[in-house]
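Subject: Structure handover

Hello,

Here is the structure I said I would pass on. My notes on what was found in it follow below.

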Amino acid sequence: MRWDIFCRIVDNYGDIGVCWRLAKQLAQAHGIQVRLWIDQPGIAAKLVPELDPALPAQTVSGVEICHWTLPFPQTAAADVVIEAFGCDLPPAYLHAMQASRPVWINLEYLSAERWVDDFHARASTHPQLGLTKHFFFPGFTPASGGLLRETNLLAERTRFQQSHALQAAFWESLGIMPQHAYTISLFCYPHAPLESLLDAMMQVGQPVLCIIPNGPIAEHAMAWLRSRKGQHKLRIATVPFLSQERYDHLLWACDLNFVRGEDSWIRALWAGKPLIWQPYLQEEDAHLAKLEAFLQHYCQDSPPDLSIHIMAAHRAWNRNGFTPSAWQALLAALPGWHKQSQAYARKQAEESDLAAKLVIYCRKFF
């Protein structure tokens, strides 16, 4: 089969991050011929360093990457067409689909909300074109579309986390020396209560190394740190944009990972380390409902006292911010939280393989 994946890059690297991982998994693990259509190759090149944004089409890691331009080039529709995150297919391509009538998949955003299982794999007929669109929902239960994961990911993670040499080489490549501090990666949206977190870290007085990607958040954090006088044990390190592989290594190496959106959220889950998720801000606090649904699933097998700390940390980060006492409680919970995170990742890996589920779902139409 030949598959086309359409991706509009609308929120930094989240959409392209998911689509690029999916395209590679389909091509490399399932032997599928994949074209990935992207509208902003210059942004995509940050995640795919081999990509030349000036070329209209090129093959990278077994995936043909094409520039989604207007007017859209004349091309035959693939056997399976994936419209990622409701990005709206080009009219010219929809016309081509009318001739061949491919399997049309709308890949939805990830959510742990209960309604996902009921709506996963439902179909809808386009009122003008008569084409059927199938709605594929990633999720955390066997009844959903699962979570995106490379076949050997957990084995690679375990090898890295059990090797002091690999971790030392990684830190050296970043020019960072953890020096017996709590290592924390911080990737968040601008509205996060950043100063409350930094202030809590400083007041508690435990050695903390907070690693932040270069950009406005890092600049804000560094300016805040410079304004604080006196001795303290909080260090902030900024790092350049990391490839997907090296970002995985950062998540694997840290004691706690603050993540946001979808792609970094799931990579932090597979890291098997404590994570604090910040969902994308939505009207009427819809993002908080998504957060609570995830927390219920994430903590379902945790001891009640640990669940209280995990939930409290997430709610603090997504509402009014941290207090020193809340941060101290979080640090005390980290050993148990680490064990819970490892067990959760193993359990989800047994149940979740989004690419495999997607292939099985599409093959039944041929």
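Asp-263 belongs to helix 10, which spans residues 263–271; helices here are DSSP runs of H or I with at least four residues, numbered from the N terminus. This is a predicted model, in which local features need pLDDT of at least 70 and side-chain atom pairs count only at pLDDT 80 or more, while totals for chains, interfaces and linings use all residues. Residues are numbered from 1 along each chain as its sequence is written, and side-chain values use heavy atoms, with hydrogens and water left out.

Is Asp-263 buried or exposed? With a relative accessible area of 14%, Asp-263 is buried, because buried means under 20% (exposed is over 50%, partly exposed in between; 1.4 Å probe, protein chains only). Apart from neighbours within four places in sequence, Asp-263 has contacts to Gly-14, Gly-17, Val-18, Arg-21 and Gln-244, where contact means heavy atoms within 4.5 Å.

Next, the helix pairs. The axes of helix 9 (residues 244–253) and helix 10 come within 9 Å and cross at roughly 50°; axes are lines fitted to C-alpha atoms, for helices over the stretch in contact, and angles run from 0 to 180 degrees between N-to-C directions. Helix 9 is therefore oblique to helix 10, the class left over once angles under 35 degrees (roughly parallel), over 145 (roughly antiparallel) and 65 to 115 (roughly perpendicular) are taken out. On the helix 9 side, the contact is made by Gln-244, Tyr-247, Asp-248, Leu-251 and Trp-252, and on the helix 10 side by Asp-263, Ser-264, Arg-267, Ala-268 and Ala-271.

Helix 9 also meets helix 6 (residues 164–174), with axes that come within 11 Å and cross at roughly 115°. Here Phe-170, Trp-171, Ser-173 and Leu-174 of helix 6 meet Arg-246, His-249, Leu-250 and Ala-253 of helix 9.

Last, the cores. A nonpolar core is a set of buried Ala, Val, Leu, Ile, Met, Phe, Trp, Tyr and Cys residues joined through side-chain atoms within 4.5 Å. The largest one has 78 residues, and those touching the most other members are Phe-140, Phe-258, Phe-294, Phe-322, Trp-327, Leu-330 and Trp-337. Helix 13 (residues 324–351) supplies the largest share of this core, nine residues. A second, separate core has 39 residues, including Ala-23, Leu-36, Val-48 and Leu-51.

Trp-327 touches Ile-184, Leu-197, Ala-200, Met-201, Val-204, Val-208, Leu-256, Phe-258 and Phe-322, leaving out residues up to four places away in sequence.

Regards

Conventions: Helices (H or I, at least four residues) and strands (E, at least two) are DSSP runs, numbered from the N terminus.
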